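I'd like to walk through how the chains meet and what the annotation says.

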Amino acid sequence: MTNKTDPTGDVRLTGISKTYGAFTAVHPLDLTVPQGSFFALLGASGCGKTTTLRMIAGLEEPSAGTVSLGGQDVTALPPYKRPVNTVFQSYALFPHLDIFENVAFGLRRRGIKSVKKQVEEMLDLVQLGEQARKKPHQLSGGQQQRVAVARALINHPKVLLLDEPLGALDLKLRRQMQLELKRIQTEVGITFIHVTHDQEEAMTMADTVAVMNAGRVEQLGSPADLYENPRTTFVANFLGTSNFIEAEVDSKSGEEIVLKAGGGKLVLPEARCSAPATTGGKVLVGVRPEKISLTHADDAGEIPDGRNRITGRIADSSFIGVSTQYVVDSPVCTDFEVYAQNIDRDPRLVPGAEVVLHWNPAHTFGLDADQDADAGVEEAA
Amino acid sequence: MPFVNWLKRNLVVIAGLLTLAYLLLPNVIVTVFSFNKPKGRFNYEWQRFSLDAWKDPCGVSDLCGSLSVSLQIAFWATLGATLLGTLIAFALVRYRFRARGAVNSLIFLPMAMPEVVMAASLLTLFLNMGAQLGFWTILIAHIMFCLSFVVTAVKARVMSMDPKLEEAARDLYAGPFQTFVRVTLPIAAPGIAAGAMLAFALSFDDFIITNFNAGSTVTFPMFVWGSAQRGTPVQINVIGTAMFVVAVLFVLASMAVGNRRNRHKA
Amino acid sequence: MSTLTEAPPPLAPEAPEPKPPRRRGRWTPYWLLLPGILWLLVFFALPMIYQASTSVQTGSLEEGYKVTWHFATYWDALSAYWPQFVRSVLYAGTATILCLLLGYPLAYLIAFRAGRWRNLIMILVIAPFFTSFLIRTLAWKTILADGGPLVGALDTLHVLDVTGWLGWTAGDRVLATPLAVVCGLTYNFLPFMILPLYTSLERIDGRLHEAAGDLYARPWTTFRKVTFPLSMPGVVSGTLLTFIPATGDYVNADLLGSTDTRMVGNVIQTQFLRVLDYPTAAALSFILMAAILLMVTLYIRRSGTEDLV
């Protein structure tokens with residue numbers, strides 16, 4: 001395959017947008033997907049991710065902007081002239097053709113006569129060599145999914161588009177296919193653009209994830225970066241769970257911002273604050289539930305210095321095997337979520353117990369306080 | 001009382017089978033009386049067994065001629081109605097356009113109109129235009145009333161078709177024409193075939209509209225109607241029986257082929 | 001990763017449409033519709049207008065007809081032929097109810113109880129269509145023949161006494177009586193009842209029966225509260241598909257009936273093809289059409305099923 005740094009293989013969207021009457025499905029958007037990467041568009045249904053994908057495929061005409069593939073402007077090309085193939089949601093396998101003919105469809109349309117060898121190799125790649133003469137409805141969901149991938153990949157597209165390809169599979173099969181798709185992508189080196197609403201799926205598979213909301217890209221980055229440094233409450237809530245405390249900027253010292261929340265003080269590294277932090281201004285302080293330690297109030301003295309701390313009372317706890325999830329009521333934030341690993345469980349940590357929550361300030365992130373702290377909570381559910 | 005319980009549980013089955021018997025009784029009579037040797041001109045009373053009519057099905061003047069007229073009209077009417085109806089069905093399912101409601105009503109009304117009303121009004125038109133009644137006026141009328149049924153059959157099929165399939169074809173390098181021929185048409189084919197078969201049956205068996213607009217042309221149903229006044233030849237029963245048998249065999253054979261293919265592929 | 005997102009660029013400089021929208025697609029539906037719709041307009045809608053005009057014309061065959069807005073034709077036709085109208089509605093209505101009563105068990109049987117016989121029974125329901133309906137209707141002349149086994153049996157069981165008292169049969173005859181006509185109508189339009197019933201029954205999830213049973217419904221209650229309401233679309237379209245053609249039918253009344261069982265279809269046919277009194281015939285068929293449209297609209301309103309096609 002081509003050199004991964006070759007810029008001619010990039011997918012470049014420039015100012016692309018889509019409106020239906022008064023409704024804007026995709027706001028003007030610039031996006032570059034480097035050649036050979038596994039790129040995920042993540043968002044809830046109706047966020048514009050599928051529309052974006054369809055504009056790349058040519059199935060939807062952009063209202064404005066251009067799509068270029070490897071330096072060539074393909075905006076005006078119909079889908080059947082674009083070097084792009086799609087794995088459709090629910091697969092769209094041709095029911096009147098058998099598996100072999102489904103896979104051979106693209107080759108035949110391009111006038112290639114001897115397709116047998118290629119099709120057989122491709123079916124072997126997806127481990128369906130035995131099933132060549134069956135009709136799609138005779139295959140299981142997972143097998144149909146692999147046919148859909150084979151049918152698209154056999155054309156050696158510059159980009160493979162996957163529209164919720166795993167949505168119809170059950171959880172176990174989905175995990176298996178995630179690894180399978182990742183393997184295939186590494187093997188063939190083709191750019192994959194994957195649309196999904198499943199944040200775990202996006203994080204497991206993709207090198208780069210773009211989180212979309214209401215027709216806009218909220219944030220883009222590697223999965224770890226998005227998770228650790230969310231820049232909006234939507235991203236913070238849509239990817240995993242976050243706790244938010246509204247705090248006031250007290251002072252800045254070196255690399256750190258000191259905040260006032262309730263009676264106590266919290267420390268936030270300036271690098272991890274995406275909001276303008278002027279003294280006296282408000283900031284939303286966020287922290288992930290698994291970063292927090294829980295100590296009974298009687299042992300508060302044992303907590304090392306330099307950690308952010310909050311006091312509260314356990315409202316609820318649920319045991320889920322690897323961890324225990326606590327809901328803590330505190331003066332600065334009701335329903336504070338804490339996930340504690342089940343090692344050395346303190347038997348005193350039961351609902352009603354007074355506790356101290358504490359964490360390493362390096363895990364704190366700061367967001368603009370003007371946004372809704374609950375954005376993205378429902379979408380993630 | 002096990003018997004009463006059994007009866008209670010299977011009451012619906014018994015009632016259903018009785019209805020089926022009611023539906024099939026006339027066909028049994030038609031078949032049995034195709035072996036009759038009637039005394040007078042009418043074939044309503046059983047006399048004695050005879051193969052005469054089967055040996056000479058065209059032995060009555062004009063009978064096979066009328067059959068041929070009916071088959072020709074049915075063929076062309078099926079072709080015309082299927083073509084026009086399929087186009088309309090695709091337009092209705094695939095496109096947004098003004099006057100959709102009006103088009104839908106225009107399709108629905110011929111099916112909701114008693115035949116005699118359509119027959120009489122069409123005759124009024126032909127008389128006013130001074131058209132020569134005969135083969136062509138029958139054909140025009142048949143295409144008209146078969147059209148709506150074809151639209152309904154094809155529409156149902158096209159509507160249940162996943163539009164993503166056509167997108168997939170376009171995505172896989174098939175242009176608009178290739179997409180239509182390779183994907184759309186094969187998938188819509190069962191609906192089109194069902195519509196065509198319905199059109200053929202409706203046209204071949206139509207009497208009321210034909211009777212009004214036929215002039216001196218005689219179709220098979222009109223021949224049967226005439227013979228009910230003049231005298232019913234046994235050959236009518238022969239043809240009725242033969243059509244029934246051929247149709248049932250055709251359906252059974254196509255089902256057997258379908259079954260075998262499925263089992264083979266499984 | 002050299003991936004980047006930037007702030008959305010201003011739209012204004014791009015505002016003039018960069019490329020022409022594909023014009024070809026806009027007219028496609030109209031081209032597809034054109035031939036078929038034109039056919040229906042010319043040979044279905046236009047004739048209706050001609051007929052409306054004919055119904056208010058006066059004149060004679062020799063001198064030709066003129067539109068004189070002679071609405072009296074309608075009144076004359078109604079007062080002369082109201083018994084045929086009443087009879088048509090009565091016969092067709094009875095036949096429709098009989099079709100529902102007979103057809104429902106069979107449709108139910110095919111949908112839920114037939115198992116591997118389902119396809120065979122289905123074929124047997126449709127197969128009679130392949131024999132001309134006139135031939136099959138003539139067969140009823142044999143079945144209902146005077147002194148035949150069926151009529152004999154009905155006579156012995158004193159059924160004919162009851163039907164005779166009701167005015168459905170005359171003496172020991174069935175042929176040439178209203179009963180024969182209704183029997184023929186029922187027979188001819190029964191498949192039009194069974195097929196839509198079957199279609200809507202077949203869609204019912206069998207687990208609903210189990211759920212109803214689980215919730216203490218006896219079989220009959222299950223039918224009344226679950227199955228029948230869910231099959232309403234089939235009942236509605238089945239009754240319409242039976243009632244409408246039965247009302248306008250004249251074949252059964254002619255072949256199996258007598259002059260006392262003539263329906264409005266017979267009158268229209270005679271006026272048009274024998275008496276050649278076109279205005280009266282046109283007026284009659286217009287009244288029939290209006291009456292049926294009215295009844296159908298009211299029926300659809302009441303049964304709450306708006307979308308039939």
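Before the annotation, a quick caveat: UniProt positions are given in the numbering used here, feature names are shortened, and annotations may be inferred rather than shown by experiment. Also, this is a predicted model, where local features need pLDDT of at least 70, side-chain atom pairs count only at pLDDT 80 or more, and totals for chains, interfaces and linings use all residues. Residues are numbered from 1 along each chain as its sequence is written, with chains lettered from A and ligands numbered from 1 in the order in which they are written.

So, UniProt lists "domain: ABC transmembrane type-1" (unreviewed entry) for residues 85–299 of chain C. That stretch of chain C is 78% helix and 0% strand, with its end C-alpha atoms 19 Å apart. Helices here are DSSP runs of H or I, at least four residues, and strands are runs of E, at least two, numbered from the N terminus.

In chain B, the UniProt annotation "domain: ABC transmembrane type-1", again from an unreviewed entry, covers residues 67–257. There we get 82% helix and 0% strand, and the end C-alpha atoms sit 30 Å apart.

Now, contacts: two residues count if their C-beta atoms, placed from the backbone, lie within 7 Å. On that basis, 70 residues of chain C touch 69 residues of chain B. Helix α1 of chain C, residues 24–55, gives the largest share of chain C's side, 19 residues.

And chain B against chain A? There, 17 residues of chain B contact 21 residues of chain A. The largest share of chain B's side, six residues, comes from α7(B).
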